[in-house]
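These are notes for a colleague who is opening this structure for the first time. Please keep the sequence and the model at hand while reading the points.

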Amino acid sequence: MTDLFIEGVALDASWRDRDRSLTDLIFDAVRAAIDDSGQPLEGIDSVVLAAHDLVDGRSLSSMVTAPAAAAYLRDEIRYGDDGAGAFAAAMTRLEAGHNRRTIVAGWGRASEHDVDAVSHGLFDPFFGRPVGLDELAVSALRAQAWIQRHGTAGRDAAWRRRRERAARNPRAVTQSGVQQSAPYPLRPEELPVWADFAVAVVMSTEPAGVKVAGMGQSSDPYHLGDRDLVGMPALVDAAGKALADAGAALSDVEVVELDALTGFDEALAVEALGLAEPGSAFGYLAEHDSVNPSGGCAAGYCAPAMGLARIVEATLQLRGTAGPVQQDAPRRALATGSSTIGSQTQTAIVLEAA
Amino acid sequence: MAADQDLITDVTDVEPVEIPGRWDFAFTYFAGNAASRFFAEIRENRRVMGTRCPKCRRLLVPARSFCDACFERTTEWVPVSNEGTLETFTIITAAFPGLPEPPVVLAYVTLDGADTALVNVVTGVDCSDIDAAAARLFEQPRVRLSFVAEPQGRMTDFSFVLAD
Ligand SMILES: [Zn+2]
């Protein structure tokens, strides 16, 4: 199999920056990632995008946005799902020999759309939308299913530590621009910090500082009632595939960047992956900075850019350039990205310091 | 336990359910500094501005913050002429909610000094005979900008009219 490497990364997080249009945000991030790679534009042959028409408010929006991601006269495809999935799609194209050097870019601008309306609109018109489901409601159902079994001890300490990490992260937005009412049993401090994101990665077949060692993808059933809300089998399956692909065990992973809508989703993912014993996620998160050292969704959130943001944060950790949130010289990282509708599809990526 | 006669094995003898739907989402689109300046120049000074790419040297109209062909930030702001040449056109004959009653002439006009064309409506063309109107526009006439009485800083502040 062809070895793949990350040559350049950029993460642009902001809130309601009226000086910049959406295409300005995308251009700034992609330009910064290319500059970070040190590669000339001419050496890049392709672009893989992660964007949603509904989030962008521009239908077939890659016509508007793709040129801002350097798509002009390049092979461009758009992945209508999370950015980690777009990263995985870019990997397969590079491994197939179809492309040599690719830009992966994903974005979401929460300040331009109504996040609650979009979240509700994602659900099916027969069973989901009529009863008022939205993404936060799914997270709350999931949280309550966990609380039924394990209670809430240690919850505050876990979130305090997470907020402290986000506050130290120079790339974070820590004040949500959207005031949402927390559905029971979620609390305001567990809700996503809505922000505007443009994220970009340059990946190629040429050796560079961070190697893409493994990838796995999986999917849950649609109907929420069919799902194991606490066990997150799609996440477990995707992470297992990625680790097997990398020839590594979970214990070999030193940094984990998990995509999660709410803090509670992050805690459940920690247990589902096996990082913490069932019922002990809060205690684990209160004691470990190695899971979401970036602050996770407390450092800003907007689908579908989050999986790619997690990959960028993991890359910075492996390079040793994560700044104040840098962990102690990690050699291997796991990053995940999930789709909307209660993280139905999951992508896991294993990265290694080359 | 249901009796055998209660088992449903045929689902075709029901009234199929149809649920009316409507996608209606509110957005706030931030134009950014480049488009905002472009619209402000139209509103305040009734002129069209372009930005020049430092690499290919093209003057791009409407003005924008980067050249997507060279992937470079634009640097200079340059006004273009209020006159130009109609390159190609179409005559829209279908009505669309919120837009002017058809027939409507849309044209691709390169204003003097610009390296790219601007698409907008051509007003004042007698379209009572579509073929006759098309024959006139086929000559690729010179056109000029015509502004509304009270510009709002939008594309609808101006249209093209035949120069002669
Ligand atoms: Zn140029």
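**Notes on selected residues and contacts**

1. B:Val80 is a place to start: this residue lies in the loop of chain B that runs between β5 (76-79) and β6 (83-92). The model is a predicted one. B:Val80 counts as buried because its relative accessibility is 7%, and buried means under 20%. Leaving out residues up to four places away in sequence, B:Val80 touches B:Val48, B:Leu59, B:Val61, B:Leu111, B:Asp112, B:Gly113 and B:Ala114. B:Gly21 is 59 residues from B:Val80 along the chain, and their C-alpha atoms are separated by 46 Å.

2. A:Leu261 is another loop residue, placed between β7 (255-257) and α9 of chain A. Is A:Leu261 buried or exposed? With 12% relative accessibility, A:Leu261 counts as buried. Its contacts, not counting residues up to four places away in sequence, are A:Glu135, A:Leu136, A:Ser139, A:Pro192, A:Cys297 and A:Tyr301.

3. Next come the aromatic side chains. A pair of aromatic rings is described by the distance of the centres and the angle of the planes. Over all chains, a search of the whole structure finds 13 aromatic pairs. One of these is the edge-to-face pair of A:Trp146 and A:Phe282, at 4.9 Å centre to centre and with 70° between the planes. This pair links distant parts of the chain, 136 residues apart: A:Trp146 is in helix α6 (residues 135-150) of chain A, and A:Phe282 is in helix α10 (residues 281-287) of chain A. Both A:Trp146 and A:Phe282 are buried.

4. A:Phe282 also pairs with A:Phe264: the ring centres are 5.4 Å apart and the planes stand at 85°, so this pair is edge-to-face. Here too distant parts of the chain are linked, from A:Phe264 in helix α9 (residues 263-273) of chain A to A:Phe282 in helix α10 of chain A, 18 residues apart. Relative accessible area is 1% for A:Phe264, which is buried, and 2% for A:Phe282, which is buried. A:Trp146, A:Trp159, A:Phe264 and A:Phe282 form one aromatic cluster.

5. Charged groups also sit over rings. The charged end of A:Arg129 is over the ring of B:Trp23, at 5.5 Å from the ring centre. In chain B, the charged end of B:Arg37 sits over the ring of B:Trp77, 5.1 Å from its centre.

6. A:Glu42 and B:Lys55 meet in one of them, at 3.6 Å from N to O. That pair crosses between chains: A:Glu42 is in the loop between α1 (22-37) and β2 (46-50) of chain A, and B:Lys55 is in the loop between β1 (49-52) and β2 (59-60) of chain B. A:Glu42 counts as exposed at 58% relative accessibility, whereas B:Lys55 is partly exposed with a relative accessible area of 48%.

7. Within chain A, A:Asp75 and A:Arg93 form a salt bridge whose closest N and O atoms are 2.5 Å apart. A:Asp75 lies in strand β3 (residues 75-79) and A:Arg93 in helix α4 (residues 83-95), so the pair ties together parts 18 residues apart in sequence. A:Asp75 is partly exposed, with 26% relative accessible area, while A:Arg93 counts as buried at 15% relative accessibility.

8. Within chain B, the salt bridge between B:Arg142 and B:Glu83 has its closest N and O atoms 3.7 Å apart. B:Arg142 is in strand β9 (residues 142-147) and B:Glu83 in strand β6, and this pair links distant parts of the chain, 59 residues apart. B:Arg142 counts as partly exposed at 31% relative accessibility, and B:Glu83 counts as partly exposed at 34%. Elsewhere, A:Asp12, A:Asp17, A:Arg20, A:Asp28 and B:Arg73 are joined into one network by salt bridges that share partners.

9. Last, the surface. Which residues form a nonpolar patch there? They are A:Phe126, A:Phe127, B:Val17 and B:Ile19, with about 450 Å² of accessible area together. B:Val17 is in the segment before α1 (32-45) of chain B. With a relative accessible area of 65%, B:Val17 is exposed.

Conventions:
Residues numbered from 1 in each chain as written. Chains lettered and ligands numbered in written order. Predicted model: local features only at pLDDT ≥ 70, side-chain atom pairs only at ≥ 80, totals over all residues. Heavy atoms only, no water. Patch = residues over 30% accessible without salt bridge, like charges linked within 9 Å, V, L, I, M, F, W, Y side chains within 5 Å. Areas by Shrake-Rupley, 256 points an atom, 1.4 Å probe, with all protein chains shown as cover. Salt bridge = Lys/Arg side-chain N within 4 Å of Asp/Glu carboxyl O. Helix = DSSP H or I, 4+ residues; strand = E, 2+ residues; numbered from the N terminus. Buried < 20%, exposed > 50% of the residue type's maximum accessible area, 1.4 Å probe, protein only. Phe/Tyr/Trp six-rings, centres within 6.5 Å; stacked < 30°, edge-to-face > 60°. Lys NZ or Arg CZ within 6 Å of the ring centre and 35° of its normal. Contact = heavy atoms within 4.5 Å.
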